[in-house]
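Subject: A structure for you to explore

Hi there,

Here is the structure I promised to hand over. Please open it beside this email, and then read on for what was found in it.

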Amino acid sequence: MSFSLLLPIGLAALAALLVPLLIHIARRSEQRTVEFAALRWLQAQPQPRRKLQLEEYLLLLLRLLLLAALALLLAGPVLFGRPDRTPWVVLAPGVEVAAARDQIGAREVRARWLASGFPAFDPAAESPDRPAAASLASLLRELDATLPAGTPLTVLVPAILNGADAERPRLSRPVEWRVLPSAPPEIDRATAPPVPTLTVRHAPDRTASLRYLRAAGAAWQSSAAEGSRTARSAASPVRIAPASQEFDAGVRNLVWLVPGPLPAAVREWIAAGGVALLDAQAELPQFDPAGAAVLWRDERGPLVRGMRWGQGRVMRLERVLLPAAMPDLLEPDFPQRLQQLFAPASPPPARVQASAYVPRTGAAAYPPAPSPLAPWLAALIAALFLAERWVANGPRRRFAR
């Protein structure tokens, strides 16, 4: 362990130690002169020069210590390298709780979840709260930087890890890496993709295609209304109008069933962040089918291709939106297929075998976090102040007065 000061200039307050010294030196005796009649006519003799004398040493010492402690508190004292050898066991949120209990057993350890804030894990709880999963590698590096250098660390992980980085994390300490069975997956309806709201603009010769878009919107509405009585009365998520009717700039998703060149206003809207599905005969010179990704295909070939366009996305049908050209329109999963086209883009899941993701060692050790001594100094200052008041107003001083 080593002692250090965060603000050494605070020790300048030690100059205040002169104040009680000067007070005690300049202090006059509390004794009063009493004249006696028999001594009135005696000639006064010259008195020897008095030497400087300090009185009440205990009171002076307490006041000096009090001021010194205050000055040290202003300097911000801390203690580095406080030893902590209590083992840590952290659990990834995907591990099976029963298997984790068997690994911990009755050992004296600090059990934590490998999640944001490292919440405590209670092995005695029947159904402990499982935190949300996060970036495993980032959390390991954060924990490695937080723990003291000599603290043993055991990590319990499931067989398959989610949220892994491109390479194994490098830590400053060896880690005991234990692979446990995975917990059964939990179905969370809140994580389902949101129901898109489609704005459809069509040409007169594309009216026959609208029924399939309406059917998809009805399927989305029915799926969203499961377990909710109020959702059935909500407006349809598919809003259809002729191509001559302009659409609001705040629209997010557009289905453009109009052959011919794409208007400049629509191109600018896509470049500003919109997502558009174009008719198979819509003309967009900058759209290169060879460089576009295939987003939907059937046995006969691609059905939809897409690419980035400015800040938005543009997709184009490869065939006319009719069952004769696209038999998938009659399939039960057509609403889900269409919903996936307009789902927000998300990064691919980073899944890896836990046995191949054992952290490496060799990273530079982080400087230990200092332990502040301010609470202990505050308690010492309070004790010195009470002692100084007791000595200053004690029974002996009251009797002397």
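The protein exposes about 25400 Å², and carbon and sulfur atoms supply 58% of that area. Accessible areas here come from the Shrake-Rupley method with a 1.4 Å probe, and for residues only the protein chains shown count as cover. This is a predicted model, in which local features need pLDDT of at least 70 and side-chain atom pairs count only at pLDDT 80 or more, while totals for chains, interfaces and linings use all residues. Residues are numbered from 1 along each chain as its sequence is written, and side-chain values use heavy atoms, with hydrogens and water left out.

Of the 401 residues of the protein, 34% count as buried. Buried means under 20% relative accessible area, exposed means over 50%, and partly exposed lies in between (1.4 Å probe, protein chains only). The chain has nine helices and 20 strands; these are DSSP runs numbered from the N terminus (helices are H or I with at least four residues, strands are E with at least two). Among the contacts with a separation of 6 or more, 68% come from residues 24 or more positions apart, where contact means heavy atoms within 4.5 Å.

**A parallel sheet**

Start with an open sheet of four strands in the order 4-3-5-8, paired in parallel. Two strands count as paired if DSSP finds at least two bridges between them. In general, strands of a sheet pair through backbone hydrogen bonds, either parallel or antiparallel. The edges here are strand 4 (110-113) and strand 8 (176-180), each of which pairs on one side only. On average, neighbouring strands of this sheet are turned by 20° against each other, direction ignored. Axes are lines fitted to C-alpha atoms, for helices over the stretch in contact, and angles run from 0 to 180 degrees between N-to-C directions.

Strand 5 (residues 153-158) and strand 8 run parallel and are joined by five bridges. To find your place in this pair, look for Leu156, which stands opposite Arg178 in strand 8.

Two helices lie across strands of this sheet. Helix 3 (residues 97-104) lies across strand 3 (88-91), strand 4, strand 5 and strand 8, running at about 145° to strand 8. Helix 4 (residues 136-146) lies across strand 3, strand 5 and strand 8, and runs at about 170° to strand 5.

**Two hairpins**

Strand 15 and strand 16 form a hairpin with two residues between them. They run antiparallel and are joined by five bridges, with Arg297 opposite Pro302 in strand 16.

Strand 16 also forms a hairpin with strand 17, again with two residues between them, and Gly310 in the turn has a positive phi of about 65°. This pair is antiparallel over six bridges, and Arg308 has Arg313 in strand 17 as its bridge partner.

**Salt bridges**

How many salt bridges does the structure hold? There are nine, a salt bridge being a side-chain nitrogen of Lys or Arg within 4 Å of a carboxyl oxygen of Asp or Glu. Three of them are worth a look.

- Asp298 and Arg319 meet in a salt bridge at 2.9 Å, N to O. Asp298 is in strand 15 (residues 293-298) and Arg319 in the loop between strand 17 (312-317) and helix 7 (334-341), 21 residues apart. Asp298 is buried at 15% relative accessibility, and Arg319 is buried at 12%.
- Arg305 forms a salt bridge with Glu318, their closest N and O atoms being 3.6 Å apart. Arg305 sits in strand 16 (residues 301-309) and Glu318 in the loop between strand 17 and helix 7. Arg305 is buried at 18%, whereas Glu318 is partly exposed at 31%.
- Arg63 forms a salt bridge with Glu388, with the closest N and O atoms 2.7 Å apart. This pair links helix 2 (residues 57-74) to helix 8 (residues 374-392), across 325 residues. Arg63 counts as partly exposed at 23%, while Glu388 is buried at 5%. Arg63, Glu388 and Arg389 are linked in a network of salt bridges.

Happy exploring!
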